[in-house]
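Take a look at the structure below.

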Amino acid sequence: MAAEVSFSIESPGGPRQVTIAHERVGSGEPLLLLHGIGHHWQAWSPVIPVLAGEREVIAVDLPGFGASPALPEGLAYDLPTVTSVLGALCATLGIERPHVAGNSLGGLLALELGREKLVRSVTALSPGGFWSEAERRYAFGTLHAMRQGARALPVAAIERLSRSAAGRAALTSTIYARPGRRSPEDVVAETLALREATGFTPTLQAGRHVLFTDDVPEVPVTVAWGTRDRLLLRRQGIRAKHALPGARLVRLPGCGHVPMNDDPALVSRVILDTSR
């Protein structure tokens, strides 16, 4: 079971207590893993065993997602605030400048941590923030529809759908290129995580005007994009390369938006190569 840690974050109204759930395994240089919107730390489960062989892995439930409670009143879900929360989390856990890998929203946060020089390397898998306005509206609309669908289905219906490959595809094919590889238990858990995420709506609202245009100098950066990403289209990777001229751009053949499940070996190798 994931552990929880609490710490204080300054806000205009004074200090606020934040609690973050996380899984911590392995040994070696620390590696922080950040999931996407509506997901939870278990999105990284397919790659954690490999990563933990070389790194101390800290897989985080972002505020308002998974087992982490919502941010307290007075704290926004914007990029500066959540970056500060992650920095304070690392300080509380005694982790100095970890490597970081993030997917989607987590990739955007990973790049911001790199820009703030709070980490020693960044691997961003299909990161947000490199969209056109039309692409952003499409992605946010798709995410909203996924959330509404998850909330509309009774738990018994979710469990029934998860038992067949076709049902798992119906629930998760937007983010996975190979949804049939997910176990029924994993599909049920992540569908429930999506429907119950208290941070979902405020995170989407905060992201409406996000456009990542700053470089991340002096930190090794890899941006990786699945060739079958249906949510953030892979041409956004080219924009990311233009915005981050020093970054390595990697193609993930046959992978969807959440590539850790589609090709765990490839994703693990990309993360470890960057962190070396």
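Lys117 sits in the loop between H3 and S6. The model is predicted. Start with the backbone at that loop, then move on to the cores, a helix pair and the aromatic rings.

**Backbone with positive phi**
- Most residues other than glycine have a negative phi.
- Lys117 is not a glycine, yet its phi is positive, at about 60°.
- Lys117 is partly exposed, with a relative accessible area of 38%.
- Ser126 is not a glycine either, and its phi is positive too, at about 45°.
- Ser126 belongs to the loop between S6 and H4.
- Ser126 is buried, because its relative accessible area is 1% and the limit for buried is under 20%.

**Nonpolar cores**
- The largest nonpolar core has 57 residues.
- Phe7, Leu34, Leu86, Leu111, Val122 and Leu244 touch the most other members of this core.
- Helix H2 (residues 79-93) gives the largest share of this core, with 8 residues.
- Another core, of 26 residues, lies apart from it and includes Val47, Leu51, Ala59 and Leu125.
- Which residues does Leu86 contact, leaving aside its neighbours within four places in sequence? They are Leu34, Val60, Leu62, Leu109 and Leu113.

**Helices H2 and H3**
- H2 and helix H3 (residues 105-115) pack with their axes 10 Å apart, at an angle of about 75°.
- That angle makes H2 roughly perpendicular to H3.
- On the H2 side, Leu79, Val82, Thr83 and Leu86 make the contact.
- On the H3 side, Leu108, Leu109, Glu112 and Leu113 make the contact.

**Aromatic rings**
- A pair of aromatic rings is described by the distance of the centres and the angle of the planes.
- The whole structure holds 2 aromatic pairs.
- Phe130 and Phe212 form a tilted pair, with ring centres 5.8 Å apart and planes at 55°.
- Phe130 lies in the loop between strand S6 (121-125) and helix H4 (133-152).
- Phe212 lies in the loop between helix H8 (200-206) and strand S7 (221-226).
- The pair therefore ties together parts that are 82 residues apart in sequence.
- Phe130 counts as buried, at 3% relative accessibility, and Phe212 is buried as well, at 6% relative accessible area.
- Trp131 and Phe140 form an edge-to-face pair, 5.5 Å from centre to centre and with 85° between the planes.
- Trp131 and Phe140 are both buried.
- Arg136 lies over the face of Phe140, 4.8 Å from the ring centre.

How values were computed
Residues are numbered from 1 along each chain as its sequence is written. This is a predicted model: local features need pLDDT of at least 70, side-chain atom pairs count only at pLDDT 80 or more; totals for chains, interfaces and linings use all residues. Side-chain values use heavy atoms; hydrogens and water are left out. A nonpolar core is a set of buried Ala, Val, Leu, Ile, Met, Phe, Trp, Tyr and Cys residues joined through side-chain atoms within 4.5 Å. Buried means under 20% relative accessible area, exposed over 50%, partly exposed in between (1.4 Å probe, protein chains only). Helices (H or I, at least four residues) and strands (E, at least two) are DSSP runs, numbered from the N terminus. Contact means heavy atoms within 4.5 Å. Rings of Phe, Tyr and Trp (its six-membered ring) pair if their centres lie within 6.5 Å; planes under 30 degrees apart count as stacked, over 60 as edge-to-face and the rest as tilted. A charge sits over a ring if NZ of Lys or CZ of Arg is within 6 Å of the ring centre and within 35 degrees of the ring normal. Axes are lines fitted to C-alpha atoms, for helices over the stretch in contact, and angles run from 0 to 180 degrees between N-to-C directions. Angles under 35 degrees count as roughly parallel, over 145 as roughly antiparallel, 65 to 115 as roughly perpendicular and the rest as oblique.
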